[in-house]
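Me: Here is a structure to go through. Please take my questions on its sheets and cavities one at a time.

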Protein chains: 2
Amino acid sequence: MDNHRSVRREGKRVFLVDQTKLPHEEAIFCSEDYQTTCQAIKDMVVRGAPAIGAAGAYAYVQAAIGCTNNRQQLKTAATEIRSTRPTAVDLFNILQTLTAITEKNGSISDLEQEAEKAVEGIVSACRRIGEFGATLIPDGARILTHCHTGSLATVEYGTAFAAIRIAHEQGKNIFVYVDETRPRNQGALTSWELSKYGVPHEVIVDNARALLMQKKRIDLAIVGADRICGNGDFANKIGTYDVAVLAKHHGLPFYVAAPLTTFDFSLSDGSQIPIEERPSKEVLEIRGTPIYTSGTGVYNPAFDVTPADLVTAYITEKGIMTTPQIGAL
Amino acid sequence: MDNHRSVRREGKRVFLVDQTKLPHEEAIFCSEDYQTTCQAIKDMVVRGAPAIGAAGAYAYVQAAIGCTNNRQQLKTAATEIRSTRPTAVDLFNILQTLTAITEKNGSISDLEQEAEKAVEGIVSACRRIGEFGATLIPDGARILTHCHTGSLATVEYGTAFAAIRIAHEQGKNIFVYVDETRPRNQGALTSWELSKYGVPHEVIVDNARALLMQKKRIDLAIVGADRICGNGDFANKIGTYDVAVLAKHHGLPFYVAAPLTTFDFSLSDGSQIPIEERPSKEVLEIRGTPIYTSGTGVYNPAFDVTPADLVTAYITEKGIMTTPQIGAL
């Protein structure tokens, strides 16, 4: 058991690095039952598609332990776990595997083994994504990344972040522009995690991305994904589509890094991905400080969909793929 | 004297609606001397290119009164006033007119008259900009605007804001998406001022603009300007260039509204406009609440430059103009 993982389990207890407190405080959130883990997913104590998948898998194990594997109760629990966040697909994929075990009368121990196998799969996939992704980052590269895709988001290594981290570990002289990613400012997590690995970087407001591209101070953009459709369209944190359009306008490569568990081949294109709208409070205040007067109307979509034609390549644990190669999977 | 103006003068006292306190508190900042007015411009108590011009004109009058029109002292004061903010050109244009009066041995009373004339010119120009701009806003339009261009920014009426306000007053059924405009969240001022006039609107994070355009929920974008070059390139609040690129990508009209005092025909293109970089504190915290850990590196440019080829039309007090018409001025 690696205590440095952002999501881990000991028996029926699930430990999450509390992302709502970072970067101001490093705290561990401990959940004793699946309901608490579900609430933690909803409250974004844990966030990032693969980390949500891991937390959801562990929540299912908690539910199985808590109701001694009662099939009807487990079915209810699975529905609750699936309903925590609607956009990321990793959660649904992992739950499908685990509920199939229950349907085949698998034991709690079977579920524990499968959940651990799934989490190990995420970690090793991220490591490989990082290795493949690093080959796309030349020495001297100035990189733009959006949102947070580090170990917090994926148990370990990260996705887009893994490529950056490994390029840095290979001795490449790189510089990262971290956009703050309003409304939840996940750039603060990216900056915090880049600092941990000593990667040179600066934070910018989301509005400063285009200026940097115009001034030729960015060489490539790399982001993660929450769900990738069969045709290569993908959902990711709100603002990702902006980055893709800007990269296209400035002739810059735009890479998407994600494990195969993030792919949803049941959806033929991005118009079918449900987009979560989150509470206006996320926009109206920061850490309890009001920015706007109360009663201000807000539209707060959590994700957007980037069409495949804006993507230069997809970085997966199976290698670097273009859109036609995604279609062939 | 209109007490509702965001910038006004009574003798040597200058009154500014304190934009650093809005929308949470409606306070008037009173300055007794030009140094205090200069500091207020630097601290963004007053902001918006035309309002800065008005405050700068009044600061020069304060200096003339304070030093009983001593030419050497006034020269020093003019330099100080000009150095408060480097990007907006209205300030430089107004100062040039006023210092010319001093050079011709004009009296304090001459300066007061000229300053008031300049401010009245701003107000009537804005009213006309609003009338011309409203003709570009069809009934039913869903409008994206960036930063704040209302009466606070221009003494009265505003620029882009005036077009929206007058379209609404004409009974057109319009809806405004107000992007928050990080880092200083001037969207809060726009939302506050739209509420005053009863214009339906919602605040969005800057990251949500592209999604709205993709979903065909925006019909046009309209912004102000801090300096427009002879070729039509213009500087405005950071993120304006992003809006322009996104509007182009989605085939939407992108309008710039500004008085002729904002034009700087001495600059042939946008590469010559100096871009102000502001303190990292603006990004790192909001109203005293830290968002990032202290010591986080930040790049914080206050403006960007949008090339003329992304502009559908310029709205001035002389009418609606295309880029070639700007060139002909």
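Reply: The answers below concern a predicted model.

Me: In what order do the strands of the seven-stranded open sheet of chain A run?
Reply: The pairing in this sheet of chain A is mixed. Its edge strands, β6 (201-204) and β16 (319-321), each pair on one side only. From one strand to the next the twist averages 25°. Read across chain A, the order is β6-β5-β4-β7-β10-β15-β16.

Me: Which residue is the bridge partner of A:Ile143 in β7(A)?
Reply: Strand β4 (residues 142-145) of chain A is joined to strand β7 (residues 220-223) of chain A by three bridges, and the two run parallel. A:Ile143 has its bridge partner in β7(A), and that partner is A:Leu220.

Me: What angle does the direction of helix α8 of chain A make with that of β5(A)?
Reply: Helix α8 (residues 187-196) of chain A packs on the sheet. The strands that α8 touches are β4, β5 (175-179) and β6 of chain A. The angle between the directions of α8 and β5(A) is about 155°.

Me: Which helix of chain A lies across β10, β15 and β16?
Reply: The strands in question are β10 (254-257), β15 (313-316) and β16 of chain A. The helix lying across them covers residues 108-134 and runs at about 140° to β15(A). This is helix α5 of chain A.

Me: Which strands are at the edges of the four-stranded open sheet of chain A?
Reply: The four strands follow the order β11-β8-β9-β14 in chain A, with mixed pairing. An edge strand here pairs on one side only. In chain A the edges are β11 (263-264) and β14 (303-306).

Me: What is the volume of the largest cavity?
Reply: A search of the whole structure finds four cavities of 30 Å³ or more. The largest cavity has 24 lining residues, and those closest to its centre are A:Arg47, A:Gly48, A:Ala49, A:Asp226 and A:Asn236. The volume of the largest cavity is about 230 Å³.

Me: Which element gives the largest share of the lining of the largest cavity?
Reply: Domain 1 (2-126) and domain 2 (132-327) of chain A each contribute at least three residues to this lining. The elements α2 (49-66), α6 (151-154) and β9 (234-237) of chain A each supply at least two. The largest share, three residues, comes from α2(A).

Me: How many charged residues are in the lining of the largest cavity?
Reply: By class, the lining has ten nonpolar and nine polar residues. The charged residues number five.

Me: How much space lies in the second largest cavity?
Reply: Its lining of 22 residues has B:Arg47, B:Gly48, B:Ala49, B:His148 and B:Asp226 closest to the centre. That lining divides into nine nonpolar, nine polar and four charged residues. The space in the second largest cavity is about 190 Å³.

Me: Which element of chain B gives the largest share of that lining of the second largest cavity?
Reply: Domain 1 (2-126) and domain 2 (132-327) of chain B each give at least three residues to the lining of the second largest cavity. The largest share is three residues, from α2(B).

Conventions. Residues are numbered from 1 along each chain as its sequence is written. Chains are lettered from A and ligands numbered from 1 in the order in which they are written. This is a predicted model: local features need pLDDT of at least 70, side-chain atom pairs count only at pLDDT 80 or more; totals for chains, interfaces and linings use all residues. Side-chain values use heavy atoms; hydrogens and water are left out. Two strands pair if DSSP finds at least two bridges between them. Axes are lines fitted to C-alpha atoms, for helices over the stretch in contact, and angles run from 0 to 180 degrees between N-to-C directions. Contact means heavy atoms within 4.5 Å. On a 1 Å grid over the protein atoms alone, a cavity is a set of points where a 1.4 Å probe fits but cannot get out, and a pocket is an open set with protein on both sides within 12 Å along at least five of seven lines; lining residues have an atom within 4 Å of a point. Grid points are joined across faces, edges and corners, and a volume is the space filled by probe spheres set on the points. Ala, Val, Leu, Ile, Met, Phe, Trp, Tyr, Cys and Pro count as nonpolar, Asp, Glu, Lys and Arg as charged, and the others, Gly among them, as polar. Domain bounds come from an automatic or database domain assignment.
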